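Here are a few friendly notes to read alongside the structure.

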Amino acid sequence: RESPESFEIITEPFTKNYYKAEMENIIGRSVETLRKYGWRSGTTNSCGLHFHVSRNTVPVDTLAKLLMLTERRREFMYQLSGRLRKDNFDQYAGTNSINAIYRYRQAISPDDKAEVLFDHIMQCGFRSRHTALNLTNSNTIELRIFKGTLDMDLFNGCFDALNALMEIAGRYTAYQIYNIKRNTLISNLRGYSDNLKKLCDVRGL
């Protein structure tokens with residue numbers, strides 16, 4: 001809202017099934033209360049929507065390809081994020097090891113294993129936690145691209161976008177992810193769910 005006060009809401013960990021059964025309703029009531037009392041989210045420059053995923057649930061090769069996807073397709077991620085300004089996006093969801101990925105491009109081929117790519121990237125280290133895919137936490141990975149929202153349809157769209165991006169990273173090879181086209185990403189996201197299709201419509205994707 002129009003005041004100096006701000007705060008962060010952190011949920012308990014949950015599965016996709018538990019979210020649909022319980023948390024969606026809880027979060028929905030919470031954002032309705034926030035709107036009622038004049039709090040803002042998506043219309044500010046600093047409020048973000050971040051998703052943590054347990055490292056134990058993400059295979060190393062999927063993590064490597066997800067990192068490559070978020071780094072290589074920065075403009076796409078910026079548009080998907082809904083952030084109001086590019087410099088704002090770069091501040092809160094900056095680049096991680098993109099130089100390592102670009103240095104690796106000369107060697108990448110259809111036969112490359114994502115684990116090899118990830119080992120190469122890991123050797124270069126990470127700039128900070130304020131990156132599109134934050135890998136500095138020991139127990140979780142954190143997708144930080146989205147701006148905040150008090151619209152539950154858009155919230156659900158962002159939640160589905162996280163899951164869709166992880167599925168893409170798991171399904172395609174490292175070579176395919178490195179060379180993936182914008183239209184392929186859009187097609188995958190729009191076909192994932194109605195909420196994600198609506199998010200893509202709002203984002204112009």
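This is a predicted model: local features need pLDDT of at least 70, side-chain atom pairs count only at pLDDT 80 or more; totals for chains, interfaces and linings use all residues.

1. What does Arg 144 pair with? Its partner in a salt bridge is Glu 142, and the closest N and O atoms are 3.4 Å apart. Glu 142 is buried as well, at a relative accessible area of 3%. Both residues count as buried because the cut-off is under 20% relative accessible area.

2. Next, have a look at Arg 190 and Asp 201. These two form a salt bridge whose closest N and O atoms are 2.9 Å apart. The pair links distant parts of the chain: Arg 190 sits in helix H9 (residues 182-190) and Asp 201 in helix H10 (residues 194-203), 11 residues apart.

3. Some charged residues join into a group. Arg 74, Glu 75, Lys 86 and Asp 90 belong to one network, held together by salt bridges that share partners. Within it, Lys 86 pairs with Asp 90, with 3.2 Å between the closest N and O atoms. Where do Lys 86 and Asp 90 lie along their helix? They are 4 residues apart in helix H4 (residues 86-92), so about one helical turn separates them. In general, an α-helix has 3.6 residues a turn, so residues three or four places apart point the same way. Lys 86 is partly exposed, with a relative accessible area of 29%, and Asp 90 is partly exposed at 33%.

4. How many salt bridges does a search of the whole structure find? The search finds 7, and the pairs Glu 142 with Arg 144, Arg 190 with Asp 201 and Lys 86 with Asp 90 are among them.

5. H7 is mostly covered, with 16 of its 20 residues buried. Which residue caps the N-terminal end of H7? Asp 151 does this, as a side-chain oxygen of Asp 151 lies 2.9 Å from the backbone nitrogen of Asp 153.

Definitions and conventions:
Residues are numbered from 1 along each chain as its sequence is written. Side-chain values use heavy atoms; hydrogens and water are left out. Buried means under 20% relative accessible area, exposed over 50%, partly exposed in between (1.4 Å probe, protein chains only). Helices (H or I, at least four residues) and strands (E, at least two) are DSSP runs, numbered from the N terminus. A polar contact is a pair of N or O atoms within 3.5 Å; within protein, one must be able to donate a hydrogen and the other to accept it, and residues adjacent in sequence count only if both atoms are side-chain atoms. A salt bridge is a side-chain nitrogen of Lys or Arg within 4 Å of a carboxyl oxygen of Asp or Glu.
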